[in-house]
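Thanks for coming. Please have a look at it first.

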Amino acid sequence: MAMRIFDPHIHMTSRTTDDYEAMRDAGVRAIVEPAFWLGQPRTSVGSFVDYFDGLVGWEPFRAGQFGIRHHCALALNPKEANDPRCAGVLDVLPRYLAKDGVVAVGEVGYDSMTPEEDEAFARQLRMAIEHDLPVLVHTPHRDKHAGTLRTLDVVRESGIAPERVIVDHLNELTVRPVLESGCWMAFSIYPDTKMDEVRMVRILQEYGTERMLVNSAADWGRSDPLKTRATGEAMLAAGFGEDDVDLVLWRNPVAFFAQSGRLDLSEQSEGDIDAAATFEGNSILRGARAG
Amino acid sequence: MTVETTMDEVTAALARHLTDDGAAWLAAARARVSGEPAAIEVLFPAAGRHCGRGRIEEPAGGWTVDDAARTVLIAELPLTGPALTETIEGLYRYGDAGEKRGVLRALSVVDPVMKLGESGVPLLRDALRTNDTRLIAAALGPYGARHLDAAAYRQGVLKCLFTGIPLADIAGLDRRVDDELVRMMSDFAQERIAAGRVVPDDVWRFVPSPEA
């Protein structure tokens, strides 16, 4: 069956054009790429500035070649918030939060739950309120249950409306408190760790499809950019209808990020893709490299 | 493509394409920039959201409505010399791809009035190092045709051939083409033919066709 898919969390900077092609074929039409850790720690603000430039420059261009709308969420991630050499990222962030393709602040939240992470998390929640942007919150891999409860406390204290917050990487033990908080619930479907599509279907059966988001969180680790599609197929196999799949894989993420006022889901005919991109079929699609 | 793009063309295009709300936003933004130049830092990124991003036919060469709006904002800056250069560089340095393209387009239009001289050339060189066809094409507008040295201009033209940008979008090519550029284009065509790949038709305007 044809599905339209919006992957609300995927790190395309780490992926290949083969992935873009396979995603397009699977039904992916729009994505959000949150700023996060690159595997190798960064040691200066300049590294982040170049990364942010890529997320509002080259990466949307690359995605556009494959008919996929690319948006991003920008933030200083919790892991690197612990390095004092990176603290200045918070001073340049406001300039980037004004950009067209930036539809949220994120990923923010906790990694090791340090005082430095507390400060960066709270400050960036304030920035989200100031810039009228929703927020994508990462929950820690270690000590996840306690970390999720603490995350919800910080969100509540910030004063941001819960319907403007995604709490991500949830599992069977953390979904209920987030449901009760009024925040959106997101699940990263991985080949063998955070959550898989069969467990995801059971969660949807138990907790319903409202405020539910499914993402691949595909990055530089073992991950699969087609896990959104796999979840849709698992839903159908378990007896969910096509409309349920469309709600979870498309209408829910669209409704959430539309709160930014900056979501652009028009076809790729406007100014951001020049005639050049399709001139005689000659473009990145054909492997041309200007070097 | 003509070698000049004028402010009259840009303002006429905006008059044709802006909605009433867009025109009101832009008028207010211009008034603010003329009194408080630093305000352009927040107004420049917002131009697409308020004015639109659609393609327009005139000025030629792939302009968009937001390019035109950003051009008039730069033209409004009450600055000259190094202060003007620094502000334009900042808009480019911290701009997303759409803002960078807007700066590159604007250079061609405001140069004759604001007397930029060579100060925008480093931005062109930055754009020509990317693989983003929107930026490469914008860097080869009238300002690039006037100010890029021969080596950089030739490399830019070759880059257009590699990335599929129509040569018709490059400003000043008929005037600036030289023997060395024709040789480079010819070598490019031979390489493509040897590989059994498509040669863009517009090469044959400058290189003698092998069948001729």
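Before the helices, one convention: a crossing is called left-handed if the near helix is turned anticlockwise from the far one by less than a right angle, and right-handed if clockwise. Helices (H or I, at least four residues) and strands (E, at least two) are DSSP runs, numbered from the N terminus.

What you see is a predicted model, in which local features need pLDDT of at least 70, side-chain atom pairs count only at pLDDT 80 or more, and totals for chains, interfaces and linings use all residues. Residues are numbered from 1 along each chain as its sequence is written, chains are lettered from A and ligands numbered from 1 in the order in which they are written, and side-chain values use heavy atoms, with hydrogens and water left out.

Now the pair in chain B. The axes of helix α5 (residues 81-93) and α6(B) come within 9 Å and cross at roughly 160°. Axes here are lines fitted to C-alpha atoms, for helices over the stretch in contact, and angles run from 0 to 180 degrees between N-to-C directions. Angles under 35 degrees count as roughly parallel, over 145 as roughly antiparallel, 65 to 115 as roughly perpendicular and the rest as oblique. So α5(B) and α6(B) are roughly antiparallel to each other. Their crossing is right-handed. On the α5(B) side the contact (heavy atoms within 4.5 Å) involves L84(B), I88(B), L91(B), Y92(B) and R93(B); α6(B) brings K100(B), V103(B), L104(B), L107(B) and M114(B). By class, that is 8 nonpolar, no polar and 2 charged residues. Ala, Val, Leu, Ile, Met, Phe, Trp, Tyr, Cys and Pro count as nonpolar, Asp, Glu, Lys and Arg as charged, and the others, Gly among them, as polar.

Next, chain A. Helix α8 (residues 197-207) and helix α9 (residues 227-237) of chain A pack at about 55°, their axes 9 Å apart. That angle makes α8(A) oblique to α9(A). The crossing of α8(A) and α9(A) is right-handed. From α8(A), E197(A), M200(A), V201(A) and L204(A) meet K227(A), A230(A), T231(A), A234(A) and M235(A) of α9(A). This contact of α8(A) with α9(A) has 6 nonpolar, 1 polar and 2 charged residues.

That is where I will stop.
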